[in-house]
There are 2 protein chains.
Amino acid sequence: MFEARLTQGVLLRKLLDSMKDLVQDANFDCSSTGFALQAMDSSHVSLIHMQLRSDGFDHFRCDRNLSMGVSLNNMAKILKCMGNDDVLTMKAEDQGDSVTFMFESANQERISDFELKLMDIDSEQLGIPDTDYSATVKMPSAEFARICKDLSTIGDTVLIAVTKDGVRFSTTGDIGSANVTVRSHSNVDKPEEQVVIDMQEPVALTFALRYLNSFAKATPLSNQVMISMSKELPVVVQYRIEDMGHISYYLAPKIEDEEMEGDE
Amino acid sequence: MFEARLTQGVLLRKLLDSMKDLVQDANFDCSSTGFALQAMDSSHVSLIHMQLRSDGFDHFRCDRNLSMGVSLNNMAKILKCMGNDDVLTMKAEDQGDSVTFMFESANQERISDFELKLMDIDSEQLGIPDTDYSATVKMPSAEFARICKDLSTIGDTVLIAVTKDGVRFSTTGDIGSANVTVRSHSNVDKPEEQVVIDMQEPVALTFALRYLNSFAKATPLSNQVMISMSKELPVVVQYRIEDMGHISYYLAPKIEDEEMEGDE
DNA sequence: TGCAACGGCA
DNA sequence: TGCCGTTGCA
């Protein structure tokens with residue numbers, strides 16, 4: 001059987017809120033390693049990969065590898081019924097057709113359990129190559145979200161250009177154009193505000209803002225986001241979940257990079 | 001060229017938010033005097049006149065008079081991308097077809113520039129006669145906004161009647177009628193709450209609440225509003241922008257003044 | 001479905 | 001007083 005206890009149950013709710021708009025149904029893979037999910041979004045353009053390591057849970061038991069197919073929307077609905085400070089326990093039998101979510105309020109005054117039916121879902125598990133990226137930008141997640149949202153009022157795509165000093169987000173649309181430049185900088189007092197650029201060589205790639213805005217739904221999970229890019233490869237937008245794992249989004253670049261690269 | 005720097009960039013955003021619902025497209029007139037706009041609303045019923053003096057800017061340069069035609073909606077969209085504490089710089093070439101808005105975050109960590117295409121807009125510049133008004137009421141802008149909003153749930157028009165002691169706002173509709181009377185009073189400790197009436201002779205005029213409610217969008221610009229009236233002349237609803245200028249709205253009275261004047 | 005105003009909390 | 005979370009509207 002599978003049983004996992006998470007004191008910060010709210011984490012799983014945030015995870016579901018950050019995935020359910022992109023993916024309808026998906027398999028959660030439970031193993032002794034942890035609790036993971038990998039899925040393409042409904043339009044088969046972007047890929048989500050989420051992983052919570054077993055040692056991040058307060059209790060974790062998984063006798064046999066288990067693949068639980070769920071409707072992310074319905075699972076999110078159930079997790080909305082959890083109190084903000086509730087402790088979450090998930091349980092599933094090896095041959096069962098459902099998963100149970102138990103919520104315990106901090107003082108045990110209220111205990112709820114919700115059972116969600118499982119579904120059979122075909123899933124192609126894609127191998128994600130472990131790439132050395134040309135450039136990685138670590139920046140405040142809220143700032144990244146804000147930039148993507150702002151630029152979507154002007155255009156549909158964004159050119160992300162990384163140089164060693166900073167990262168520039170640019171777009172063009174009917175009403176005009178926009179550039180937002182964020183400079184690399186550290187602040188010892190406020191590490192959550194730092195912008196760190198780790199660059200082997202400059203990269204500039206164009207992406208559909210629509211997807212980046214969906215990825216930014218994960219902002220509540222971490223106050224920093226890591227954006228990794230290499231020429232002609234999908235960008236990785238990763239939010240680390242402290243002491244537990246991460247959620248990462250992959251999105252292939254648009255082709256017109258070079259054309260736009262010279263724009264101002 | 002034209003270049004103007006405003007530390008409180010948020011002021012311009014508030015100005016646009018207060019105009020964009022009334023006017024689609026308009027010309028901003030830049031001159032050594034300052035940055036101004038005058039336009040009729042789309043239904044040609046009311047008039048907006050906004051003026052920011054050059055000395056209110058932190059830097060102001062305008063080599064030649066320039067008339068920049070913009071879509072207020074698009075300009076407002078761009079200004080929404082500005083951070084609340086950002087410093088704003090506007091730039092336009094004399095013969096250019098665009099204006100650039102640059103936003104600098106307080107610590108220069110983030111610099112954005114947005115380019116907005118200019119448009120050719122016919123504008124009849126109306127002369128606004130410098131009238132001595134029969135009565136001027138200065139009152140808290142939030143209170144004026146609240147009264148107009150409240151009265152519009154009852155009726156479509158408001159009779160504003162000024163006597164030396166106070167100002168009465170009255171309306172009538174299908175479900176009943178309403179009067180709100182605000183008394184003149186000063187409070188040395190809280191000047192922003194004072195109601196000052198400067199009256200040569202009593203005035204009572206009727207206006208469409210719909211427009212007053214639009215004017216009240218300027219409430220965030222100032223905590224006081226000045227309402228000036230003379231018999232049979234358009235009312236002026238003016239919000240002062242500290243150390244910089246003002247935005248004023250003009251609206252002609254309805255004709256049925258005398259009929260309603262006796263109403264209670 | 002996404003944004004804006006409002007109210008509650010820190 | 002400022003920020004966040006929620007709710008209501010477009």
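Predicted model: local features only at pLDDT ≥ 70, side-chain atom pairs only at ≥ 80, totals over all residues.
When I say that two residues meet, I mean that they have heavy atoms within 4.5 Å of each other.

In helix H1 of chain A, the residues A:Leu12, A:Arg13, A:Leu16, A:Asp17 and A:Met19 meet A:Leu72, A:Met75, A:Ala76 and A:Leu79 of helix H2 of chain A. Sorted by class, this contact has seven nonpolar residues and two charged ones, with no polar residue taking part. Two packed helices are described by the angle between their axes and the distance between the axes. Here the helices are residues 10-19 and residues 72-79 of chain A, and their axes come within 9 Å and cross at roughly 145°; the crossing of H1(A) and H2(A) is left-handed.

A:Asp17, which is one of the H1(A) residues in that contact, also has a salt bridge with A:Lys80, in which the N to O distance between the side chains is 3.0 Å. Since A:Asp17 belongs to helix H1 of chain A and A:Lys80 to the loop between H2 and strand E7 (87-92) of chain A, the pair ties together parts that are 63 residues apart in sequence. A:Asp17 itself has a relative accessible area of 23% and is therefore partly exposed, given that buried means under 20%.

In chain B, B:Arg5 pairs with B:Glu104, and their closest N and O atoms are 2.9 Å apart. B:Arg5 lies in strand E1 (residues 2-6) and B:Glu104 in strand E8 (residues 98-104) of chain B, so this pair ties together parts that are 99 residues apart in sequence. B:Arg5 is partly exposed, at a relative accessible area of 29%, whereas B:Glu104, at 8%, counts as buried. Another salt bridge in chain B joins the side chains of B:Asp63 and B:Arg61, again with an N to O distance of 2.9 Å, and here B:Asp63 is partly exposed at 45% relative accessibility, as is B:Arg61 at 37%. Back in chain A, salt bridges with shared partners link A:Lys20, A:Asp21 and A:Lys217 into one network.

Now to the backbone. Most residues other than glycine have a negative phi. A:Asp243, however, has a positive phi, near 65°; this residue sits in the loop between strand E17 (235-241) and strand E18 (245-251) of chain A, and with a relative accessible area of 61% A:Asp243 is exposed. In chain B, the phi of B:His44 is likewise positive, near 55°, and B:His44 is placed in the loop between strand E3 (34-40) and strand E4 (46-53) of that chain.

Terms used: Residues numbered from 1 in each chain as written. Chains lettered and ligands numbered in written order. Heavy atoms only, no water. Axes fitted to C-alpha atoms, helices over the stretch in contact; angles between N-to-C directions. Helix = DSSP H or I, 4+ residues; strand = E, 2+ residues; numbered from the N terminus. Left-handed = near helix turned anticlockwise from the far one by under 90°. Nonpolar A, V, L, I, M, F, W, Y, C, P; charged D, E, K, R; others polar. Salt bridge = Lys/Arg side-chain N within 4 Å of Asp/Glu carboxyl O. Buried < 20%, exposed > 50% of the residue type's maximum accessible area, 1.4 Å probe, protein only.
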